[in-house]
Amino acid sequence: MAATNPISTFCHLHKYHCSVVAITIFCLHLVCYSVIAAADINNNNGGFSAHLIRRTFPNSPFYNHRKNKAFRRLMVPDTPESPLTIDEVDGEHLMKFSIGTPPVDIYAVADTGSTLLWTQCEPCDGCYKMKRAMFDPKMSSTYRNLSCSTKECSFLEDNGFCLVPNMDCAYYYAYVDDSISKGVLAKETFRLTSSFGDPVTLEDIVMGCGHNNSGDISENQMGVIGLGRGPLSFVSQIGPQVGGKKFSHCLVPTDTDPRTASKISFGYGSEVLGDDVVTTPMVDKELFRDQYVVTLEGVTVGNEFVPFSSEANLTLFEKGNMIVDSGTTLTYLPQDFYDRVVTQVIKTVDPILEPFNSNVVLDDPTQGTQLCFNTTKNPKGPDMIMHFEGDAKLKLTAEQVFFEDPETKLYCFGMVNTSRSGAIGDGQVGLYGNNLQGNFLIGYDLDTRVVSFKPADCIEMSSSGGGANIASHPSSFFSIYYFYLLLIVILSF
């Protein structure tokens with residue numbers, strides 16, 4: 001019998017043990033990755049991103065706006081929330097998610113101006129017409145109504161109706177255009193698909209199950225997903241699960257291919273960081289306590305700074321004079337401020353273009369007026385800078401400020417006045433609409449109470465996926481996978 005070589009035997013044993021160790025580490029890594037990926041998205045402070053779909057396809061933000069009400073989601077003055085969001089125009093962004101078990105797809109308006117998340121539910125008497133079938137709570141095994149004794153019901157305040165503690169918690173939301181939603185508060189399982197295609201499951205989300213909904217509401221809308229500051233908003237509810245009560249969105253410009261979706265991110269990874277970030281503090285106002293209220297100090301038009309207040313109206317300026325609202329298409333300014341801004345814009349645009357005033361809503365001057373020019377090309381007016389509190393300066397180009405009216409094919413200024421009496425804080429508060437938010441990454445942090453802005457290519461960001469957690473980076477997993485595979489192959493020889 002030939003003698004064995006102890007050195008050779010040692011080497012084989014060494015390779016064998018190394019291979020076993022490498023395979024074991026790889027298997028442990030695979031298991032840990034799977035657990036962490038699921039936990040990061042669903043349960044353990046991991047954020048996620050999703051897409052926002054534009055409701056209509058025309059490229060201009062003024063699409064059909066002349067035939068619709070300007071302040072679609074303003075709640076009536078005697079309600080505690082007074083959310084200001086959606087007007088019936090191209091600026092609406094729908095967020096797709098599923099509710100119930102088995103899941104039912106819902107397309108709801110992503111609304112930074114209100115807090116309640118609601119959808120139409122069977123049975124539904126006097127409801128508005130929808131293109132898709134509505135949610136039937138009786139068919140879901142995870143649905144349950146909330147009683148009047150729950151803390152969630154108390155968050156409704158004057159919007160809730162309860163007679164005895166053990167009855168179902170009823171809500172009633174009314175808006176100035178006579179749109180209403182009435183129903184019961186409930187908890188349900190929500191499911192979304194992240195922008196990377198990962199499943200996101202959120203349990204026990206409080207929602208309104210609307211059994212009586214009517215008004216000037218599009219048949220494409222199946223409800224509203226409230227993203228405001230209140231405790232019932234989607235952002236507030238999922239905050240503990242995703243790494244904080246914060247979110248950000250990057251809206252593609254309104255002249256982008258309508259098939260291109262915008263992007264919204266929640267929790268960890270949604271922070272607006274890096275160079276060129278400017279931040280302004282949120283302001284608490286009783287009338288708009290659930291909205292993202294900030295302070296606009298003025299606007300620079302060309303080389304001229306136009307302050308928010310004037311010598312003739314010193315009381316106009318106060319902290320909390322502008323609401324940042326992704327659901328309203330145009331930007332609304334108080335009348336005195338608007339007049340001074342428009343005067344400066346006219347001075348800087350070629351006078352041959354013949355400026356004139358036009359109604360924001362066709363045949364209804366009470367909804368405000370807008371400045372238009374007798375040209376079918378962008379008038380290429382001056383760059384503008386919005387000056388927010390905290391030295392937060394946002395530079396806007398002529399492409400962001402001027403838009404083509406599809407009815408007249410003429411170009412109009414993207415800021416209008418709030419001449420409608422009492423519409424927005426008695427005409428003393430403006431709305432920073434989504435026509436000026438395109439190609440900005442805008443972050444809302446409810447914990448630190450700030451709004452952040454950063455110039456961005458939102459089209460590229462929409463196609464790049466999202467989320468900064470480990471589950472949102474499959475490439476990092478596959479690189480590790482190939483490393484271990486290569487190590488095992490090497491040790492086998």
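1. A quick word on terms: a residue is buried under 20% relative accessible area, exposed over 50% and partly exposed in between (1.4 Å probe, protein chains only). This is a predicted model, in which local features need pLDDT of at least 70 and side-chain atom pairs count only at pLDDT 80 or more, while totals for chains, interfaces and linings use all residues. Residues are numbered from 1 along each chain as its sequence is written, and side-chain values use heavy atoms, with hydrogens and water left out.

2. On to the rings. Rings of Phe, Tyr and Trp (its six-membered ring) pair if their centres lie within 6.5 Å; planes under 30 degrees apart are stacked, over 60 edge-to-face and the rest tilted. That rule gives 16 aromatic pairs. One of them joins Phe 161 and Tyr 172, edge-to-face, at 6.3 Å centre to centre with 85° between the planes. Phe 161 sits in strand β6 (residues 160–161) and Tyr 172 in strand β7 (residues 170–174), so this pair ties together parts eleven residues apart in sequence. Strands here are DSSP runs (E, at least two residues) and helices likewise (H or I, at least four), numbered from the N terminus. Phe 161 is partly exposed, at 46% relative accessible area, and Tyr 172 is partly exposed too, at 30%.

3. Phe 234 and Phe 266 also pair edge-to-face, 5.4 Å centre to centre and 85° between the planes. Because Phe 234 lies in helix α3 (residues 234–242) and Phe 266 in strand β12 (residues 262–266), the pair ties together parts 32 residues apart in sequence. Both Phe 234 and Phe 266 are buried.

4. Ring pairs also link a cluster whose members include Phe 234, Phe 266, Tyr 292 and Tyr 444.
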